[in-house]
Amino acid sequence: MTVKIEIQRGSAVPLSRRHPKFLGQGMLKGMEVVLDHWFKSFGPKLENFSQTAGIFTTEYPEERLKLAEAYRNLPILLYDDETGQELCTSCLQCEKICPPQVIHITQTKDPSTGKLVLAAAEFIIEYDACMGCGLCAEVCPFDSIKMDHHYELSTADHASLTMHKADLLRPVSYYQSLAPTFWEQTKENAYKKLQNTVKRRSGLLGIAPSMVGKVQPPETKPAE
Amino acid sequence: MEALINYLLNTALNLHAPEWVILLIRHLLVATILFLVVPFQMLLLTYFERRVIARMQDRVGPNRVGWEGVLQPIADAVKMFTKEDIVPAAADKGVHLLATGVVVVPTMFMLSVLPWGPGMTPVDFETSLLFFFAISSVSAIGLVMGGWSGNNKFSLLGAMRAVAQMISYEMPAILSILALVLMTGSMSISKIVEAQGGLIANLTDLPKVPDLGLGWLLFTPVGFLAFVCFFISALAEGERTPFDIPEADSEIVAGYMTEYSGMKFGMFYLAQYVLNFALCAITATLFFGGWQGPGVSQLSAMGANNQLFSILAGALGVVYLLLKTYFFFFTMVWIRGAFPRLRIDQLMGLGWKFLLPLTLVNIFSAAIWAACIHWGPEQGLAFLSAFGPWKRWAIAFLSTLVINLLAATLLVRINSSAESSMPKLVEDQKFGAVTLP
Ligand code: SF4
Ligand code: SF4
């Protein structure tokens with residue numbers, strides 16, 4: 001039996017305890033409840049949180065809770081699976097908004113013309129100081145930077161936490177597996193923008209390093 | 001055991017060892033076994049308690065180190081050993097160190113008079129019950145030493161609470177035991193255990209009952225009331241919840257242990273668990289027949305012809321005792337899982353206003369019990385010998401039952417009316433208008 005008590009601010013809640021039938025009735029009742037929990041703890045694991053007696057511990061390294069789609073840990077960069085084109089245009093929005101200033105972007109210059117190309121030559125995120133606020137992912141107009149679900153990052157090697165572009169790049173399909181509904185909502189927009197970006201890139205500029213050699217560089221030359 | 005050592009030394013090795021050498025070897029052996037058993041029990045108990053209380057709170061408990069976490073206490077012990085031993089600069093260093101010993105040693109002594117199995121009492125003498133409780137109070141001195149020497153207000157508060165609690169609960173504990181002494185006519189723990197053979201009623205009261213080792217004193221009204229009072233007092237003496245006021249980690253850090261670290265803290269911890277073990281064991285021994293249980297006496301009777309059977313009887317007795325002891329330890333943990341800590345005035349009130357009068361009445365009933373069963377014409381109660389043993393037992397049972405029930409009801413009435421006469425928080429009032437007593 002559950003009793004719903006509405007508590008108003010500033011008023012005392014009367015708690016009526018029925019008079020015990022015999023000495024120690026309340027104490028025995030309390031002990032019964034505890035013993036009941038003890039017995040039930042040997043039963044099957046609880047499935048949902050409305051069940052109140054029994055073990056609900058998720059024993060971490062062996063068992064893991066399913067992460068919510070909106071879960072965010074630290075940021076990663078995306079590239080297209082087929083063409084290998086990075087979504088980032090090095091617009092520097094994320095670098096500007098990052099509160100602890102841990103994003104460092106070097107813009108790409110076309111070696112032949114010396115002009116800026118819409119791609120990042122180097123993209124560094126200091127994972128050790130990133131606070132996982134997700135502002136970079138919020139602000140990115142090209143859906144290029146997204147929050148990863150991978151959280152087992154602890155290491156004894158501090159320097160390895162400075163993540164370079166090659167460490168950060170993930171295929172779009174990876175992000176899709178993490179957050180399918182979110183990607184569904186933004187997919188069209190992201191690809192439309194990527195197409196526009198690719199038109200203004202040339203050769204291998206803007207292609208994820210791991211994909212170089214596996215994909216054909218786009219034939220369209222950027223409009224002069 | 002002496003016979004065995006005698007055989008080994010004098011017959012097998014032909015050494016002509018005098019009797020005192022044999023006795024010395026025997027005691028050294030027993031002491032070694034006890035000193036090995038004690039820390040092992042403590043390790044087991046900490047693990048047991050943590051796993052049990054965890055399950056009562058819907059947790060899993062330590063299950064990582066070794067199979068299901070059985071090596072957890074060893075890992076903890078290693079941690080304790082490697083920790084830095086910090087002694088406060090303002091502490092009385094000698095007393096600070098000595099306190100650990102004064103606390104631990106008496107608890108070890110307590111185990112030496114326990115009958116572990118039939119004929120397996122390490123040191124058996126006529127007043128072993130008295131010795132048990134006398135030596136257990138010695139550790140109170142250690143607590144004061146520990147609390148005072150640390151030069152810390154929390155330690156001192158904890159120590160004073162501990163001693164106040166120990167002294168006020170020693171009284172009902174010993175008075176409830178006294179009832180048993182009256183009933184069995186002996187102060188020797190092993191004799192009290194031996195008197196608990198039989199079935200429901202014990203053999204000395206009703207000679208004809210079958211000996212299933214179940215004539216536990218618990219099954220008499222006097223024994224039952226004594227058990228309830230004693231177990232409550234044992235909880236208080238072992239500083240278990242709901243009487244863990246001396247440590248009260250949420251109020252005064254850890255009481256008298258506050259200024260201890262590393263292995264010295266570990267010693268206090270050890271003492272506490274050994275004390276709890278000893279108290280559980282003595283509860284099992286005095287009220288639940290100790291090593292008595294179905295089959296033990298039959299096996300030892302068969303042991304007259306074959307040595308193997310008496311060894312089996314001993315082993316079975318030890319198993320029975322340990323099972324009962326662990327059951328009581330489980331109950332202690334169970335109580336810890338169920339109840340919050342008492343306030344210090346409630347603690348004192350329970351001890352002095354409820355348990356003490358109750359145990360005094362219980363001694364009175366115990367006297368009636370003893371008179372009904374054992375007395376005869378010599379004591380001027382010739383009419384009693386006219387009844388057969390069954391009738392005498394029934395009279396004793398009923399009269400003590402009535403007296404104890406009446407006393408318990410009366411005391412509950414008195415204590416609860418004192419409580420209800422206190423001004424209460426008026427229901428349904430706005431907080432601003434409530435007048436608290
Ligand atoms: S990740 Fe997004 S916001 Fe940051 S530079 Fe690249 S395109 Fe701009
Ligand atoms: S998550 Fe926050 S702190 Fe981390 S890189 Fe993005 S904006 Fe900076």
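## Reading buried and exposed spots

Me: Let's start with V117(A). Leaving aside neighbours within four places in sequence, which residues is V117(A) in contact with?

Reply: Bear in mind that this is a predicted model. With those close neighbours set aside, V117(A) is in contact with S90(A), T108(A), K109(A), D110(A), R200(A), R201(A) and L205(A). As for its place in the fold, V117(A) belongs to strand β3 of chain A, residues 116–126.

Me: Does V117(A) count as buried or exposed?

Reply: The idea is to look at relative accessible area: under 20% is called buried. V117(A) has 6% relative accessibility, so it counts as buried.

Me: How far apart are the C-alpha atoms of V117(A) and D157(A)?

Reply: They are separated by 34 Å, and the two residues are 40 apart along the chain.

Me: Into which domains is chain A divided?

Reply: There are domain 1 (26–65) and domain 2 (75–211). Their C-alpha centres lie 44 Å apart.

Me: What share of the contacts in chain A between residues at least 6 apart join residues at least 24 apart?

Reply: That share is 67%.

Me: Now for chain B. Which residues are buried in α3(B)?

Reply: For a helix, you check which residues are buried and then which way they point. In α3(B), the buried ones are Q72(B), P73(B) and M80(B). They cover an arc of only 95 degrees around the axis, so they sit on the same side of α3(B). The cover over the buried residues of α3(B) includes α2 (19–56) and α9 (262–287) of chain B.

Me: And which exposed residues does the face turned away from the buried side of α3(B) carry?

Reply: That face carries F81(B) and T82(B).

Me: Which residues make the nonpolar surface patch of about 510 Å²?

Reply: W67(B), V70(B), L71(B), I74(B) and V78(B) make it. V78(B) lies in helix α3 of chain B, which spans residues 72–82.

Me: Why is V78(B) called partly exposed?

Reply: Partly exposed is the range between buried, under 20%, and exposed, over 50%. V78(B) has a relative accessible area of 46%, so it is partly exposed.

Methods. Residues numbered from 1 in each chain as written. Chains lettered and ligands numbered in written order. Predicted model: local features only at pLDDT ≥ 70, side-chain atom pairs only at ≥ 80, totals over all residues. Heavy atoms only, no water. Patch = residues over 30% accessible without salt bridge, like charges linked within 9 Å, V, L, I, M, F, W, Y side chains within 5 Å. Areas by Shrake-Rupley, 256 points an atom, 1.4 Å probe, with all protein chains shown as cover. Salt bridge = Lys/Arg side-chain N within 4 Å of Asp/Glu carboxyl O. Helix = DSSP H or I, 4+ residues; strand = E, 2+ residues; numbered from the N terminus. Buried < 20%, exposed > 50% of the residue type's maximum accessible area, 1.4 Å probe, protein only. Domains from an automatic or database assignment. Contact = heavy atoms within 4.5 Å. Arc of directions from axis to C-beta.
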